[in-house]
Amino acid sequence: MGNRLLSVFAATTALMALTAAADAKTVVRMMHQGDPGWVALYGKVAERFEAANPDVDIELIYAPHDAYNEKFSSAVMSKQLPDIMELDAPFLANYVWSGYLKPLKSYVDKDLLDDMTASNIAQGTYPIDKELYAIGLTDSSVVLYGNKKYLEKIGARIPKSVDDAWTRAEFEDYLGKLAKVDGVKWPIDTFRGYGIKTEWVTYAYQPILNSFGCDLIDRKTWKAEGALDSKPCVDALTMMQTWVKNGWVVPMSSGTNQFYADGQPAALAWGGHWFYAEAAAKMKDDVVVMPLPKFGDKSASPDGTWIWAITTQSEHPDIAGKFLSFLLKDKDYRDYAVSQSAYPGLKSFAAQSPLYAEGGPMAVAFEQASKVAVPRPPHPAYPTITSAFMQAVDQIFNGEDTQKALTAAAQKIDEDIADNDGYPPFDGN
Amino acid sequence: MSDLALSPRKPAAPLNGYRIVQSISVFVIALVVISPLFMLFIASLKDDRFQILADMGSFRAFWVDNPTLNNFREVGNFAGELAFGRYLGNSLLILFSTVSLGLIINSMAGFILAWGSLPGRALILSLIIALYVIPQESIIMPLLIIVSRAGLSDTFTAQILPFVASPLYTFLFYQFFAQLPKELYEAASIDGASIFRTWWSIFMPLSLPALATVSILMGIEAWNQYLWPILITQTDYARPISVAIATFFGQDSIFWDRAMAASVLMMIPILVFYLAFQRWFISSFVGSAVKG
């Protein structure tokens, strides 16, 4: 009797184990940010993928944009990194150096890799091993928006391409003239309202340094002293400080809407590509889109946005890559991105985006990506670089001596690099 | 009949310079407190998210030409992982569980510290007060690791349990209980009441102001939790409404219209909660002031 019971128990257990194994699905977790439109879209794409791959369960982990870094840190600390994660491109080097990301070329469809724009490849590549660690449908840029009525009043030349961007002399001359135009309270909004806790300051103002012929850090020696505190950088930020002192720049306390707010008090806007949607919605054809000015010998524009990577904790990178490929080719995903004025990071997506196509209102923004885009420094010390620079800019705009603030920022960056033994192999060893 | 009805009404004080300044000050303070809430409500009735931004910083922020409930409808059709009402339900569950358990645990601790025969009471009390100065943010990462290793990630428990015991509320209860007459405790002891019975049947019914104060403060704290639920939850299953509202603040676009409507909806339960307890809450503050 005892033996029979034991046999029945063993058979039942084996059957249950078999059933469980048959029901067990491979779970792939994807961490992302985004507004309700994106959240809903990822859910639908995941459903479609699961329908085509019934043995896979895509689990979506949403983290709000403003708390994404905290969520990422907590995932690292609790060893709960997802299979796929969205990340802000300039932080890629830090994540790869820390060992969180896998090279993804062998997991993502080749046609997608071939479809990436040069800027998209740059934002996803780790400079040490030259491997691609992330891919995105989109990229980003900053352009100079102008209020057509005000520009006509001062007789400003409207540049049509990167090659005929305003020079520094023209730009500052126009700022001075715009300051005197009726209705203009501030000649330019540089979006100080985004504050210094976002990436904005480094992202949007680094091109000014690059155009002046300097950089946040020397990209060969990886030293900030001698680069960020050099004369061209000091001149660049002294110029911006003068704009602030002259009362030409929308102050931080006035928010980010002064270009199109009631009465349109700001005449120009140094704004991200996403700003076009809101400006055009309120001002229609009165919005003029221009390339960023050329302050020195060359123009420069920023790039980089939120892109997708596969983490080293993923036990199923092949399925993760398959889902990423599925997502990046998904028609609804692309259609929604177009509706959000997303800036193309894939050539095939650029062809689907009339806003950025030749003759489109934002064509000049896309032209910048192929001609003058400069990524933020792809170095593991980037979190320190951006925080030190943002703090320095804030101090400079509040009246601090430019040389002093930039020297302190450069020292802070170099100290972090020294504290980490040069982040080998970035130290050249 | 309420106490108020029995109280003789004070004659109105004559209008002098002091009274005018006092009235103006009260009016200005009330305006400062109410105007952001009013602006929030007005913005929730505007259909155009860009117009909301355009109006900010001017008096138009306090006026709506064509009020609409569209934003509330959009929030109702929230396209997140869960329905918006479910997030609201999650928040209410977290709120009531945290407050109920918190009242019991903290009042028990406060009572024992005030009247119990615990050895080293003074030292324990000093340690509890010392704990209060440690900001929650500084322990969030160790707490995260403890809760994750306990296998509680992604649960309601993870959002309730760590916040039930609080040095501040234990101290508040201790302070309140310690001020009650010693005779109450002695009479209960003579009558043979256990310490649990004395706490529950004698001291707790006399502690409505303290209970209300702790309920309100703890409720607001639990309701406004934002970072912790993001860190400790992976899926939306147990996430509160504050995290759902954050969805409206995207990378490139902020849906001010829906965020405002959702914020109005988020405010309603906590306002009701406050109104339910505010009578005792205020009397607790007045009492504290009188007792010095």
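Into which domains is chain A divided? Chain A is divided into domain 1 (25-138 + 304-342) and domain 2 (142-303 + 377-419), with bounds that come from an automatic or database domain assignment. This is a predicted model, in which local features need pLDDT of at least 70 and side-chain atom pairs count only at pLDDT 80 or more, while totals for chains, interfaces and linings use all residues. Residues are numbered from 1 along each chain as its sequence is written, and chains are lettered from A and ligands numbered from 1 in the order in which they are written.

**Domains of chain A**
- The C-alpha centres of domain 1 and domain 2 of chain A lie 30 Å apart.
- The contact takes 13 residues from domain 1 of chain A and 13 residues from domain 2 of chain A, two residues being in contact if their C-beta atoms, placed from the backbone, lie within 7 Å.
- On the side of domain 1 of chain A that touches domain 2 of chain A, the elements giving two or more residues are α4 (92-97) and α6 (118-124) of chain A, and the largest share, 4 residues, comes from α4(A).
- Helices here are DSSP runs (H or I, at least four residues), numbered from the N terminus.
- By class, that side of domain 1 of chain A has 7 nonpolar, 5 polar and 1 charged residues; Ala, Val, Leu, Ile, Met, Phe, Trp, Tyr, Cys and Pro count as nonpolar, Asp, Glu, Lys and Arg as charged, and the others, Gly among them, as polar.

**Helices α16 and α17 of chain A**
- The axes of α16 (residues 382-397) and α17 (residues 402-419) of chain A come within 9 Å and cross at roughly 165°, where axes are lines fitted to C-alpha atoms, for helices over the stretch in contact, and angles run from 0 to 180 degrees between N-to-C directions.
- α16(A) and α17(A) are therefore roughly antiparallel to each other, a term for angles over 145 degrees.

**Contact between the chains**
- Chain B gives 32 residues to the contact and chain A gives 34 residues.
- The elements of chain B that give two or more residues to the side touching chain A are α3 (49-55), α7 (140-149), α13 (227-232) and α14 (241-246).

**Confidence**
- The predictor gives the complex an ipTM of 0.75 and a pTM of 0.80.
- Chain B averages a pLDDT (the predictor's confidence in each residue, from 0 to 100) of 86, and 90% of the residues score at least 70.
- Over residues 1-7 of chain B, pLDDT stays under 50.

Note on methods:
Angles under 35 degrees count as roughly parallel, over 145 as roughly antiparallel, 65 to 115 as roughly perpendicular and the rest as oblique.
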